Amino acid sequence: MLKVTRPSTAPVPALGAPKNRKAKTTGAQRRAVFLFVAPFGVLFLAFYAVPIIFAVVQSLLTVERKGTFGPPKQVFGGFVQYQQVFQNSEFWESVGRVLLFGVVQVPIMLGLALLFALLLDSPLLKGKKFFRLAFFAPYAVPGVIAAIMWGFLYSPSLSPFDAITSEVNFLSAELVLWAVANIVTWVYVGYNMLIIYSSLLAIPTEIYEAARLDGASNFQIAWQIKVPLVVPAIILTGVFSIIGTLQLLAKPQTLRSFSSAISSTFTPNLAVYTTASVPNYNLAAAFSVVLALATFVLSFVFLKATQRKVSQ
Amino acid sequence: MSRSAAMLIMGVFTLYFLTPIWWLLVSSSKTGGEITSTAPLWFTADSTSTFLANLGSLFTYGDGVFGRWLANSALYAGLGALLGTLIAAMCGYALAKYEFRGREAIFNIVLSGVLVPATALALPLFLIFSEVKLTNTLWAVFLPSLVSPFGVYLARIYAAASVPTELLEAARLDGSSEIRTFFTVSTRLMAPALVTIFLFQFVAIWNNFFLPLIMLRDQVLFPVTLGLYAWNSQISQIPELRVLVIVGALVSILPLIGTFLALQRFWSSGLGAGSVK
């Protein structure tokens, strides 16, 4: 129940199944396994494993020129790039910015998603199907399009809410990060809500009946029974949200045409893109490696921390 | 919590979620000047004709490049997700239903692939593709989209839960080959998971921005998101593009909403598979 990353999928050994039957079919099965796994394996190697290795190698190379105008040559530079990464204040500012973003936006988004899922699962609501679709609809809006739409809605001259936008400039340097946070929340709350909701639907209803016989209120059932049971779903959405936060690119990049407050290094991924178009691929590769490691570590720490809390 | 409080919360948030889409629909039926000068959330008297005129200019502007973008997105996302789902399903199914050496190792590697940010892959992919002269081609966007580690993960847990081993044994006794059993028996049992994987991969590819952004120069190869992004960043020089961006944005989200509505019956039952175990 609590393992999210590795659900216990080990097939239950068929009791009393004769062992020799398995041995007889092994040859054909082995060929089948190869045919099933090979296509994904090849593509995974080509478009995941090789690029990762390539990025690591690139990040360790550095460009050297003979004289000022000599032809550039890539030589092994060790950790020169990484030294530059750690000295690059713009990159670390962008990391700090998305971390602040994540600390605020992810709990709000997941809190709302949980609330909506619990309401959808409660006997209180009418028109559940409508709400489910209405809340999920923004997920069908690509990030770029969502940013364009909200960019118009935020713009003082175009916004239908000019009573608000004439008072508060959402595209100013102070607020633009939260303007992006609102777009991300708008797009993904419904998606997260549905994941949590479908795991609520999987809980056998006898549990609630038993609790009700014991005199539990709807609120107690929700808070003390439902929430603990959907923790795995919340952890899953949490990990995806952390990855998404560190990957922020399309929305701020698009909003740049509405707001001058978004710099070319606003998020780590924007910094990578900007560095790569300079072009300094080696430094961009080092940024990517650091970023991928950070994503890994954060997701892992989050998984461990939440699982420990659950098992107490 | 009372019924009315619950309905109030959901009602307020319905406004939050739907108002931007409603605004997009209304604005698509206005001329450039009307967008700022008329009531922003309601139609004008000649909405229908303006909408049709906007739609017309959307598909004729720049030699009808918008139509190309839509077709490109349909190809990248439609065919990409279809093939990607099949490939992920076969792998996940093999990991769930066969015991072989290296099974757990493969699964763990694939799982860690879920955590690798797609943007971290895009840059090295660009460098590799430029070595083999594949940048600025359809393949540069299409091929990497076929890989879905999350699809394998979902297929594995769903196959483990929904394809009974006894059934596979029975098919074997009947003389059905492993491949045939997969395509005729197992894929049917895995249908909700397959639809879910397809949809989420479809959305992921349709929304993908960074990969096409760095791979493609030639705008006839752009997916619709990148095309609209390019138009949107030119609005300050070419103001008439504003209307096209708005109506183009509306047209580009309709296929996704349509796909979700059409397949809703199937995917909602597969959605929980990733989290409930």
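A residue is called buried when its relative accessible area is under 20%, exposed when that area is over 50%, and partly exposed in between, as judged with a 1.4 Å probe and the protein chains only. The legends below concern a predicted model, in which local features need pLDDT of at least 70 and side-chain atom pairs count only at pLDDT 80 or more, while totals for chains, interfaces and linings use all residues. Residues are numbered from 1 along each chain as its sequence is written, chains are lettered from A and ligands numbered from 1 in the order in which they are written, and side-chain values use heavy atoms, with hydrogens and water left out.

**Figure 1. A network of salt bridges links B:Arg103, B:Glu104 and B:Arg156.** A salt bridge is counted where a side-chain nitrogen of Lys or Arg lies within 4 Å of a carboxyl oxygen of Asp or Glu. Between B:Arg103 and B:Glu104, the closest N and O atoms are 3.9 Å apart. B:Arg103 counts as buried because its relative accessibility is 9%, whereas B:Glu104 is partly exposed, with a relative accessible area of 32%. B:Glu104 also forms a salt bridge with B:Arg156, where the closest N and O atoms are 3.4 Å apart. This second pair links distant parts of the chain: B:Glu104 belongs to helix H4 (residues 103–115) of chain B and B:Arg156 to helix H7 (residues 149–162) of chain B, 52 residues apart. Helices (H or I, at least four residues) and strands (E, at least two) are DSSP runs, numbered from the N terminus. With a relative accessibility of 2%, B:Arg156 counts as buried. Over all chains, the whole structure holds five salt bridges.

**Figure 2. B:Arg172 pairs with B:Glu169 in a salt bridge.** The closest N and O atoms of these two residues are 3.5 Å apart. Both lie in helix H8 of chain B, three residues apart, about one turn of the helix; helix H8 comprises residues 165–173. B:Glu169 is partly exposed, its relative accessible area being 25%, and B:Arg172 is buried, at 17%. The side chain of B:Arg172 is also joined to that of B:Glu178 by a polar contact of 2.7 Å. A polar contact is a pair of N or O atoms within 3.5 Å; within protein, one must be able to donate a hydrogen and the other to accept it, and residues adjacent in sequence count only if both atoms are side-chain atoms.

**Figure 3. B:Ser29 occupies the loop between helix H1 (3–27) and helix H2 (32–37) of chain B.** This serine is buried because its relative accessible area is 3%. A polar atom of its side chain lies 2.7 Å from the backbone oxygen of B:Val26. Leaving aside residues up to four places away in sequence, B:Ser29 touches B:Glu34, B:Phe43, B:Thr44, B:Ser47, B:Thr50, B:Phe51 and B:Asn54; contact means heavy atoms within 4.5 Å.

Figure 4. A:Ala285 counts as buried, at 4% relative accessibility. Its C-alpha atom is separated by 9.3 Å from that of A:Thr275, 10 residues apart along the chain.

**Figure 5. Chain A and chain B meet through 100 residues of chain A and 107 residues of chain B.** The area buried between the two chains is about 9,100 Å², with carbon and sulfur atoms giving 79%. Buried area is the accessible area (1.4 Å probe) that two parts lose on being put together, summed over both. In chain A, the residues that lose the most area to chain B are A:Phe36, A:Phe40 and A:Phe47, together 9% of what that side buries. The contact has six residue pairs in polar contact, both residues at pLDDT 80 or more, and zero salt bridges. Helix H1 (residues 19–60) of chain A gives the most to the side of chain A that touches chain B, with 23 residues. By class, that side has 75 nonpolar, 19 polar and six charged residues. Ala, Val, Leu, Ile, Met, Phe, Trp, Tyr, Cys and Pro count as nonpolar, Asp, Glu, Lys and Arg as charged, and the others, Gly among them, as polar.
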